[in-house]
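Please read it alongside the sequence and the model.

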Amino acid sequence: MELGISTFGEVKPEGVSGHAAESFLRMQEIIAEGQLADEVGLDVFALGEHHRPDFIISAPEVALGAIAAVTKNIRLSSSVTVLSSADPVRVFQNFATLDLVSGGRAEIMAGRGSFTESFPLFGYSLNDYDTLFAEKLEMLLRINESEIISWKGKFRAPFMQRGIYPRPYQPALPIWLAVGGTPASAKRAGRLNLPMTVAILGGKPAQFVPFINLYRQAALEAGHDVEKLQLGINSQFYVAEDSEQAADEFYPSYEILMNRVGQERGWHPMTREQFEYLRMPDGPLFVGSVKEITEKIIYQHSLFKHTRFLAQIVKGYISHDKVLRAIELFGTQVAPAVRKAIPG
């Protein structure tokens, strides 16, 4: 199993048009997090695209390029590229460039986006939410397969026999689909024989088993080898020396994040009682001791047989030294125990 870190790069909104000192500091922290993840032997470091004042990563491939310069082995991925509101040509070019910079370590994780700020920002209608993604995914896959393509679609001008450059160092860029819980998304990933990453941020993980089965069944019906499918799980995470320390250090930031997003989406306010329920052994939240995190990864593998787990850092108001310690514990203690229990 591959183990890695993902983050959206939470930042305190500064409300300035220049001299964004907090954002500068947070970006340096993210680069240090990627460097440490590589040093402790983790497999993947992923950054998620957002276009909000409380998240710093709007251009994952640019930040990943900086991380590529200070790492050697770790794979560098978006934890989501909002493909619906992006140009597939530029997405491919940017990640192919990252691949050349990193010596073949770039990946794209394409999704429709659970946050929708990018749609009006780039001139797209939410009425086209799914059709935009379907068309742009088709185009991105074709670009990845062929140096020269012709294209005619609904959402951009057509072109004939144009080359898309640069080409990546790898034979082709790995393209994953990042999904929430929509059955159509699982079926699409399976039908296209694409790796899929599922974000499990709420609800019992066991409830996602039928969803994963849809993915594999769609691949089987399309004639693909189900045994070769790659499946990732992405969950919010924090590990410390003991369980209560982890909970006490993580909860204040988690409460603020969930209540901020929840206010936009009509959720009930987060409580400590609910938080403790979510981090139980069969819950979705990976917050606890090394032993608890290890056991939860192994438990979920018994449910899903996934090939990758991404631990989503929620920094918030946690000091950076504690975030680095969590990454260190994940790489030096959790990862070896998981790899021993789940041989590759």
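Asp 43 has 23% relative accessibility and therefore counts as partly exposed, a class that lies between buried (under 20% relative accessible area) and exposed (over 50%), as computed with a 1.4 Å probe on protein chains only. The model is predicted, so that local features need pLDDT of at least 70 and side-chain atom pairs count only at pLDDT 80 or more, while totals for chains, interfaces and linings use all residues. Residues are numbered from 1 along each chain as its sequence is written, and side-chain values use heavy atoms, with hydrogens and water left out.

**Asp 43 and Arg 339**
- Asp 43 forms a salt bridge with Arg 339, with 3.0 Å between the closest N and O atoms, where the term denotes a side-chain nitrogen of Lys or Arg within 4 Å of a carboxyl oxygen of Asp or Glu.
- Arg 339, at 31% relative accessibility, is likewise partly exposed.

**Arg 188 and Asp 130**
- In the salt bridge between Arg 188 and Asp 130, the closest N and O atoms are 3.2 Å apart.
- Arg 188 counts as buried at 10% relative accessibility, whereas Asp 130 is partly exposed with a relative accessible area of 35%.

**Asp 282 and Lys 204**
- A salt bridge of 2.9 Å, N to O, joins the side chains of Asp 282 and Lys 204.
- Asp 282 is partly exposed, its relative accessible area being 28%.

**Network and total**
- A network of salt bridges links Glu 244, Asp 248, Arg 272, Glu 276 and Arg 279.
- The count of salt bridges comes to 22.
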